[in-house]
Amino acid sequence: MGKIFYIMGKSASGKDHIYARLAAHEGLGLKKLVLYTTRPIRAEEENGKQYYFVDDKELEEFRSSGNLIEARAYHTVHGIWNYFTADDGQVDLENADYLGIGTLESYVKMREYYGKENVCPVYIEVEDGERLARALKRERGQEIPRYEEMCRRFLADQEDFSEEKIAAAGITRKFQNVDLEECVEEIAEYIRQA
Ligand SMILES: Nc1ncnc2c1ncn2[C@@H]1O[C@H](COP(=O)(O)OP(=O)(O)OP(=O)(O)O)[C@@H](O)[C@H]1O
C-alpha cells in the first residue's frame, strides 16, 4: 500500500528545495501531488506542473461532487485566489507513493480524507533567527523585494504553526534543515522506513 508524504513548515524553512530534491530522488519513486489554483497562470508556468489552473466553476464542481479535500481562499489585490486539493483520481495508493506540500490545516484534511495511516507528515524546522535571515536574503534577491509581506508571513507563521497546533495534528517528528543535503537524506530514510 502506498503513502502520501506531506511536507510542511513555516515560511523559508526550505520546503520547496526539499520537495524538489525528494521528487528527483532516485529510488524513492515518489509521484508529485499536483494542487489546483484559480489564480492566473504565469508566463513561465505550465498547466499540470506547478498547479492545475482552473476557474471558479471547476472548483464548485469539485465541491458539489464531494471531491474537494481542502480549499483556501486568499484575498489579493487582484481578487480572490483559491488554492485547493481535489480527489481527481490522480492518487492511486494501491500502486504508488506520493509527495505533497501544504499547510498544517491542509495536512489535517488530507489525513481525514485518505486515512491517518496513509498520510505521513514531513515537518521541516529551522531556528527562527536563521529562518528570518534566509527569508531576508531570498527577498533581497528579488527584483521587487516585499519586506512587509515577508514580515507579515513570519508573524502569521507563529500562530499558524503554534506548538499546540502541531501537537494537535499529531506531528511528533521534526526534520531540522541546517544542512540541506543532510536533511534530505534524513527524510529519504524516514520515507524508506515508512
Ligand atoms: N539548509 C539551508 N541552508 C541555507 N539556506 C537554505 C537552506 N535550505 C534552504 N535555504 C534557502 O532558504 C530560502 C527558503 O527556501 P525555500 O524557498 O525552499 O523555503 P520554503 O519553505 O519553500 O519557503 P516559502 O514557504 O516561504 O515559499 C531559499 O532562499 C533557500 O535557498
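How many residues surround the ligand, and which are the closest? In this predicted model, select the ligand and its surroundings: 13 residues surround the ligand, and the closest are S11, G14, K15, D16 and R138.

Next, colour this shell by residue class. The residues around the ligand comprise 5 charged, 6 polar and 2 nonpolar ones.

Now select helices α1 (15-23) and α4 (128-140); each of them supplies at least two residues of the shell around the ligand. The helix that gives the most to this shell is α1, with 3 residues.

Proceed to the sheet. Here 4 strands form an open sheet with mixed pairing, and their order is β4-β3-β6-β5. Its edges are formed by β4 (52-53) and β5 (68-76), each of which pairs on one side only. Strands of a sheet pair through backbone hydrogen bonds, either parallel or antiparallel.

Select β5 together with β6 (residues 79-86). These two strands run antiparallel and are joined by 8 bridges. Within this pair, display H75, which stands opposite I80 in β6.

Finally, select residues 2-192, which UniProt lists in an unreviewed entry as "domain: Guanylate kinase-like". The end C-alpha atoms of residues 2-192 lie 12 Å apart.

How values were computed. Residues numbered from 1 in each chain as written. Predicted model: local features only at pLDDT ≥ 70, side-chain atom pairs only at ≥ 80, totals over all residues. Pairing = 2+ DSSP bridges. Near = placed C-beta within 6 Å. Nonpolar A, V, L, I, M, F, W, Y, C, P; charged D, E, K, R; others polar. UniProt positions renumbered as here; feature names shortened; annotations may be inferred.
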